[in-house]
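Visitor: I have a structure to get through today. Can we go over it piece by piece?

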There are 2 protein chains.
Amino acid sequence: MSILVVGSVAFDTIATPSGQVKDILGGAATYFALAASYFTEVRVVAVVGEDFTPEHEAVLKNRGVDTRGIERTQGKTFRWGGQYLDNLNDAKTDFTELNVFEKFQPRIPKEYSDTQILFLANIHPTLQAAVRLEMDGVRLTGGDTMNFWIKGTPRELAETLKLVNVLLINDTETKMLAGEKNLPRAARKVLAMGPSALVVKHGEYGATIFFREGAFGIGSHPFRAPALPIEEVKDPTGAGDSFAGGFMGYLASQGEGDISREVLKRALFYGGVMGSFAVERFGTERLQNLTRGEIDARFQVFRELTHLE
Amino acid sequence: MSILVVGSVAFDTIATPSGQVKDILGGAATYFALAASYFTEVRVVAVVGEDFTPEHEAVLKNRGVDTRGIERTQGKTFRWGGQYLDNLNDAKTDFTELNVFEKFQPRIPKEYSDTQILFLANIHPTLQAAVRLEMDGVRLTGGDTMNFWIKGTPRELAETLKLVNVLLINDTETKMLAGEKNLPRAARKVLAMGPSALVVKHGEYGATIFFREGAFGIGSHPFRAPALPIEEVKDPTGAGDSFAGGFMGYLASQGEGDISREVLKRALFYGGVMGSFAVERFGTERLQNLTRGEIDARFQVFRELTHLE
C-alpha cells in the first residue's frame, strides 16, 4: 500500500565524536521517506526554500519517492544545528531556524488522495490533525510528537491523538505525555488517549509496542524488539524517523488484509533495522544506497540476537 | 553442580514510592543464594553479627541453602539504607554501616571444597581473588564489582578479573571499567582484561552477553535477553544479585558438559526472570516462595516478548 509522510525537510549542521557536517539534507520526512522506500511506494508532503536544489530532490527521487508534495516557497529551508559530543542518545541543539517551515501549511496534492497509510511526522499537532481529517480515506495513521508539543500544546495534541492509530515516541516522551514514570503504566495512559498501539523507542535498547485492549484483535500483551549493539555510531540524527519509516513501510508492504500480531512484531524489528543503518553514516548517506538483501540480513541478525531454540 | 556465593548478608532500610521498610534481610549473597536455589544446590560464605537470628537464617535454610559458611562474629551485621524515590533505576544511599563486614575475611568450610561453580559477589577485589585462588577446583567463576572498586582499587580489580570467567555488571560499570562510552567497544575492552564472557545488565531493558573471541568455542556475537515491562516495581534492591543468581544457578543446573551457546542464552533469560520477581515485593519476600512452575511460566513470557515465528 502507498504511504504518505507529512513533516520536515531540513538542512542539518551536526557535530559528533566522529566528525562534523554542515547543511546536509535531513528532516524527519526525509529520513522517514528514505527508510520506508525500501518497502513500499512513498509520497512526501513538506515545504522547502529556494536553497533546495535538484540534487537534494534527487536523493529522494533516486529511491523512487514521489516528491510532488514538496512545496517550494520563497526563503530558506528549515535549518537545525546540534551536537552529540557528550551523549550519543541526546542531541544538544545549537540553533533552530524554522525559515519556510514556520508557516508550513501542508497541502495534499490531488494525486495523493488515494493514499492508504499516513504518517504524521513531528509537526504542530493542529497541522497533524488537519492533514488526517483531510485524508479521510486512509486505513492506518501513524504519528510522532515531541516534548515541545507535549508541554506547549497539550489540548491540541490530545485532539490529534484521537486520530492516530499508532503513536511512535521515545521513553521520555511517553512518560512526559502520561505524567507517569513507570513505563507500562505510562503506556496504558497514552493508549487511553486514543492510539490503538504505542511504539516506545528505547534508542540502543530497541523498542516496545504496547496495545490497547482489543486493538487489532490480537491480544494486549506487549512485544519488544531488541537493537543491535553498534560499535560505530557516527551520527544518531534521524534514527527515530528511520525507525518509523521502517516500521510503517513494512506494515504498508503487507497488503490490505487485517494487521496481524506477527506483522506488527516484524515491523518493530524492521524499524530497529532501519534505525541501526541510519546511524552508521552522517545524515542520510547510509539510507540512500542500501539493498533489500542488506536489510533482510540485518533483520536476521536482530532476530538471532534474542532468539532461543 | 553445586554453587558457592561469597558476599554480603545485610539488613536494609529502604524507601521507594511503594513504601518503606527497616532492617530487612538483604545483601548480595542473600539475593543471589535465594534466586539460585530454584536451580541447584547453593552454599554461602558471608559474615553476620549477633543480630542475625535463627529466623533470618531460616529464610535461606527453607530454600535448602547450605549456611554453614555464614560466620557469626561479635558486633552488628552490615547495614545499608537507601531510597529510590526519584528514580527506580538508581538508589540514593542514605547510610552504609559496614559493621562486621568491615573485617570480613572469607573462610571456606572444608565441606565446600568440592564446589564446582563459584560466584564472587561485590566485595573487595583482593578478597575475591583470594577466594578464587583457594578454590582451585572450581570449573567456572562468576563475579560482580562496582564503581567503588573500579575507581578505588583498579590494580587489585585487574588482578581479580584475570580469575573471573563471567563478569556480571551494569552499563555504567562497564563503561567506567573500560573508560569508553560506546557499549560494544567497552565490552571488548573489558573482555581483554580477562573474562571469557561479560553480562551487561540494562535494568528494565534486559541484559546483553558479550563473548571473547573463541570463548567457550561458541562464536563471539553477542546475545540479548529482554526484560518484561513491569507495572509494579515495589523495590529494586537486589535485582542485579537475583539476576546473577538466576543466571549462574541455571548454568550450574546444566551439568558438567561444555557450556553451549544455547545454555548461556537461556541462563541470560533466567537471570532476567529472577530479577523481575525480586522487584515485585520488598526485600527477598518474593524470592522466598516461588515455584519452579512460576519461574518457567515467566521464562515463556520473556521468550514470547521478542519471539518471531
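Visitor: In S3(B), which residue is the bridge partner of Ala15(B)?
Guide: The bridge partner of Ala15(B) in S3(B) is Gln20(B). Before going on, this is a predicted model, where local features need pLDDT of at least 70, side-chain atom pairs count only at pLDDT 80 or more, and totals for chains, interfaces and linings use all residues. Residues are numbered from 1 along each chain as its sequence is written, while chains are lettered from A and ligands numbered from 1 in the order in which they are written.

Visitor: How many bridges join S2(B) to S3(B)?
Guide: Six bridges join strand S2 (residues 10-16) of chain B to S3(B), and the two run antiparallel. Strands here are DSSP runs of E with at least two residues, helices are runs of H or I with at least four, and both are numbered from the N terminus. Two strands pair if DSSP finds at least two bridges between them.

Visitor: What is the strand order in that sheet of chain B?
Guide: The order is S3-S2-S6-S7 in chain B, an open sheet of four strands with mixed pairing. S3 (19-26) and S7 (92-97) of chain B stand at the edges with a single partner strand each, so one side of each has no neighbour in the sheet. The twist averages 15 degrees from one strand to the next. Angles run from 0 to 180 degrees between N-to-C directions, and axes are lines fitted to C-alpha atoms, for helices over the stretch in contact.

Visitor: Now chain A. How many helices and strands does it have?
Guide: Chain A has 11 helices and 13 strands. Nine strands of chain A form an open sheet with mixed pairing, in the order S5-S4-S1-S8-S9-S10-S11-S12-S13. Its edge strands are S5 and S13 of chain A, each pairing on one side only.

Visitor: How do S4(A) and S5(A) pair?
Guide: Strand S4 (residues 42-48) and strand S5 (residues 66-72) of chain A pair in the parallel sense over five bridges. One of the residues involved is Val48(A), whose bridge partner in S5(A) is Arg72(A).

Visitor: Different topic. How many residues of chain A are in contact with chain B?
Guide: 26 residues of chain A are in contact with 26 residues of chain B. Contact means that the C-beta atoms of two residues, placed from the backbone, lie within 7 Å. H9(A) gives the most to the side of chain A that touches chain B, with four residues. By class, that side has 13 nonpolar, four polar and nine charged residues. Ala, Val, Leu, Ile, Met, Phe, Trp, Tyr, Cys and Pro count as nonpolar, Asp, Glu, Lys and Arg as charged, and the others, Gly among them, as polar.

Visitor: At roughly what angle do the axes of H8(B) and H9(B) cross?
Guide: The axes of H8 (residues 239-253) and H9 (residues 261-278) of chain B cross at roughly 145 degrees and come within 7 Å. The residues of this contact divide into 13 nonpolar, seven polar and one charged.

Visitor: And what does chain A span along its principal axes?
Guide: The C-alpha trace of chain A spans about 50 × 45 × 35 Å along those axes.
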